[in-house]
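Colleague: I would like to learn how to read a sheet and a helix pair from coordinates. Could you take me through a case?

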Amino acid sequence: MKRPAIATIPPHIPFLEALAARWLEGSAAPECRADALFLVPTRRAARGLTDAFLRQSRGTPLLLPRIVALGGLDEAPLALAGALSVLPAVSAPRRLAVLTRLILALNGRHGAPTLADRAWRLAEALADLLDEAARAEIDLAGTLPRAAGRDFAAHWHVTVEFLRIITHAWPAWLAEEGFADVAARQIKLLDTQAAAWEALPPAMPVIAAGTTGAIPAVTRLLRVIAHLPGGQVVLPGLDTELDEASWDALNDTHPQASLRTLLAALNVRRGDVAVWGDFPAVAPAERVAALRLALLPAAALHLWHERPVPRAAGLQILAPADQQEEAASIALLLRGALEHPGATAALVTPDRTLAQRVAAELLRFGVVADDSAG
């Protein structure tokens with residue numbers, strides 16, 4: 001088995017632009033440029049990579065390689081062999097309708113709502129739980145009944161009984177109708193493709209870029225791709241300068257934690273990861289150093305005293321008085337970018353409520369924000 005091909009693009013370099021430029025530079029003949037498959041995490045990333053290829057070609061006619069979003073496998077299955085045997089996915093509206101009907105069928109037992117509008121909202125939450133469990137490969141039917149011990153309060157046992165909707169009633173409906181959940185089908189497709197490539201490696205290059213392997217099935221697919229004759233895994237923003245003690249001390253909430261877990265699963269040392277840094281940066285090196293220092297794990301905070309604090313030119317701290325002022329201030333900053341031709345601006349936040357407030361504030365100025373929602 002060949003040595004796994006793992007690379008990373010530093011965080012201060014535009015990821016998709018560097019990825020497209022490197023592929024075009026390494027493809028001598030134009031007809032060879034289209035002979036590849038790029039796997040990216042989302043449909044948005046797929047569109048962005050397509051645009052990056054067009055920008056890097058600078059108007060030259062170009063045959064694009066195939067670009068597939070791991071989040072949209074049902075739209076473009078990677079391999080027909082095996083994928084056709086996977087059960088079709090139930091549509092999102094039908095799933096919500098059936099879950100709502102199952103909730104209303106309880107007639108208020110186990111705390112279930114009796115009004116359709118409340119049952120629908122609860123069905124949405126149950127659908128999210130089903131998807132998260134499927135991606136994490138958690139058997140809800142086996143784990144939820146053990147979630148409440150005998151010494152737990154009564155409402156815990158009531159909740160477990162209510163959740164029999166998704167541990168018993170919903171799986172029974174899927175089996176009867178011949179459907180699979182969307183997330184469960186995606187996991188099956190990923191495993192099917194990994195098995196197919198492991199048995200018969202493709203002749204064309206396969207590049208998986210931008211994913212951190214947070215989903216176990218994606219990690220298994222990346223492990224296969226990294227060992228393909230033409231396989232390549234490109235990680236986003238791996239911190240190759242963080243000392244080993246700090247790297248080992250990262251907790252699960254650190255931005256680099258998922259990459260550390262992925263490298264461990266791929267059996268690759270951080271020092272063996274190639275760095276693709278030969279592309280114009282879009283952020284000063286001092287800013288990257290400042291953010292790295294700010295995100296040090298608790299066990300490495302002594303480095304604040306041992307290293308000089310880098311000057312983070314261009315960074316500002318916003319201190320709003322309340323949530324409304326916070327959203328309005330961010331909206332004004334985003335709107336201000338529109339006054340400069342060619343300028344771009346983005347709000348990156350884990351707070352969905354904040355993103356919604358900012359989007360509402362932007363509507364006051366007639367600006368419709370493109371919200372990727374994660």
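Colleague: Which residue is the bridge partner of Leu37 in E4?

Modeller: Strands of a sheet pair through backbone hydrogen bonds, either parallel or antiparallel. In this predicted model, Val206 of E4 is the bridge partner of Leu37. Strand E2 (residues 37-40) and strand E4 (residues 206-209) pair in the parallel sense over 3 bridges. Two strands pair if DSSP finds at least two bridges between them; strands (E, at least two residues) and helices (H or I, at least four) are DSSP runs, numbered from the N terminus. Residues are numbered from 1 along each chain as its sequence is written. Local features need pLDDT of at least 70, side-chain atom pairs count only at pLDDT 80 or more, and totals for chains, interfaces and linings use all residues, while side-chain values use heavy atoms, with hydrogens and water left out.

Colleague: Which residue in E3 is the bridge partner of Leu37?

Modeller: Arg66 is that partner in E3. E2 and E3 run parallel and are joined by 4 bridges. Between them the chain passes through helix H3 (residues 43-57), a right-handed β-α-β crossover (with the strands pointing away from the viewer, the path from the first strand over the helix to the second runs clockwise).

Colleague: What is the strand order of the open sheet?

Modeller: The order of the 6 strands is E3-E2-E4-E5-E1-E6, with parallel pairing. E3 (66-69) and E6 (274-275) stand at the edges with a single partner strand each, so one side of each is left without a neighbour in the sheet.

Colleague: How do I read a helix pair, and at what angle do the axes of H5 and H6 cross?

Modeller: Two packed helices are described by the angle between their axes and the distance between the axes. The axes of H5 (residues 92-104) and H6 (residues 116-136) come within 8 Å and cross at roughly 120°. Axes are lines fitted to C-alpha atoms, for helices over the stretch in contact, and angles run from 0 to 180 degrees between N-to-C directions. By class, the contact of H5 with H6 has 14 nonpolar, 1 polar and 3 charged residues (Ala, Val, Leu, Ile, Met, Phe, Trp, Tyr, Cys and Pro count as nonpolar, Asp, Glu, Lys and Arg as charged, and the others, Gly among them, as polar).

Colleague: Is Ile103 buried or exposed?

Modeller: Ile103, in helix H5, counts as buried because its relative accessibility is 0% (buried means under 20% relative accessible area, exposed over 50%, partly exposed in between, with a 1.4 Å probe and protein chains only). Not counting residues up to four places away in sequence, Ile103 touches residues including Ala119, Leu122 and Phe162 (contact means heavy atoms within 4.5 Å).
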